[in-house]
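This report goes through a predicted model helix by helix. The sequence and structure come first.

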Amino acid sequence: MAPLLGRLIPQIVAAQKQGLLPAADPILFHYMMVSLTATLSGFGPEMQATSGATGRR
């Protein structure tokens with residue numbers, strides 16, 4: 001994980017300085033986004049069922 005975080009954290013910090021991401025501890029922000037992504041992908045079938053979406057465009 002260290003090489004990945006070594007690349008991602010400076011990008012998060014730079015985006016925060018530009019006002020593109022909210023001010024937060026960069027490592028916590030990273031894990032918050034990982035968690036959010038995992039949660040949303042886990043809800044995929046439920047979101048399709050409740051929205052009537054078939055996944056086709």
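## Helix α2

Helices here are DSSP runs (H or I, at least four residues), numbered from the N terminus. The 17 residues of α2 should span 24 Å at 1.5 Å a residue, and its end C-alpha atoms are 24 Å apart, which agrees. The expected span is 1.5 Å times one less than the number of residues in the helix.

Pro-26, Phe-29 and His-30 are the buried residues of α2. These residues cover an arc of only 105 degrees around the axis, which puts them on the same side of α2. The arc is taken from the directions from the helix axis to the C-beta atoms. Leu-28 and Gly-42 are exposed on the other side of α2. Buried stands for under 20% relative accessible area, exposed for over 50%, and partly exposed for what falls in between (1.4 Å probe, protein chains only). An α-helix has 3.6 residues a turn, so residues three or four places apart point the same way.

## Basis of the values

The model is predicted: local features need pLDDT of at least 70, side-chain atom pairs count only at pLDDT 80 or more, and totals for chains, interfaces and linings use all residues. Residues are numbered from 1 along each chain as its sequence is written, and side-chain values use heavy atoms, with hydrogens and water left out.

## Helix α1 and its cover

Helix α1 (2–17) is included in what covers the buried residues of α2. In turn, α2 is included in what covers the buried residues of α1. The 16 residues of α1 should span 22 Å at 1.5 Å a residue, and its end C-alpha atoms are 22 Å apart, which agrees.

In α1 the buried residues are Leu-5, Ile-12, Ala-15 and Gln-16. They cover an arc of only 95 degrees around the axis, which puts them on the same side of α1. Pro-3, Arg-7, Gln-11 and Lys-17 are exposed on the other side of α1. Just after α1, Gly-19 has a positive phi of about 80 degrees.

His-30, in helix α2, is buried with a relative accessible area of 9%. Leaving aside neighbours within four places in sequence, His-30 is in contact (heavy atoms within 4.5 Å) with Met-1, Leu-5, Leu-8, Ile-9 and Ile-12.

Gln-16 belongs to helix α1 and counts as buried at 17% relative accessibility. Not counting residues up to four places away in sequence, Gln-16 touches Leu-21, Pro-22, Ala-23, Ala-24 and Pro-26.

## Helix α3

None of the eight residues of helix α3 (residues 44–51) is buried, so α3 lies largely in the open. Gly-52 follows α3 and has a positive phi, near 80 degrees. Met-47, in α3, counts as partly exposed at 43% relative accessibility.

## Nonpolar surface patch

Met-32, Met-33, Leu-36, Leu-40, Phe-43 and Met-47 form a nonpolar patch on the surface, and together they have about 540 Å² of accessible area. Helix α2 (residues 26–42) gives the most to this patch, with four residues.

Patch residues have over 30% relative accessible area and no salt bridge; nonpolar side chains (Val, Leu, Ile, Met, Phe, Trp, Tyr) are joined within 5 Å, like charges within 9 Å. A salt bridge is a side-chain nitrogen of Lys or Arg within 4 Å of a carboxyl oxygen of Asp or Glu. Accessible areas come from the Shrake-Rupley method with a 1.4 Å probe, and for residues only the protein chains shown count as cover.

Key: Helices (H or I, at least four residues) and strands (E, at least two) are DSSP runs, numbered from the N terminus.
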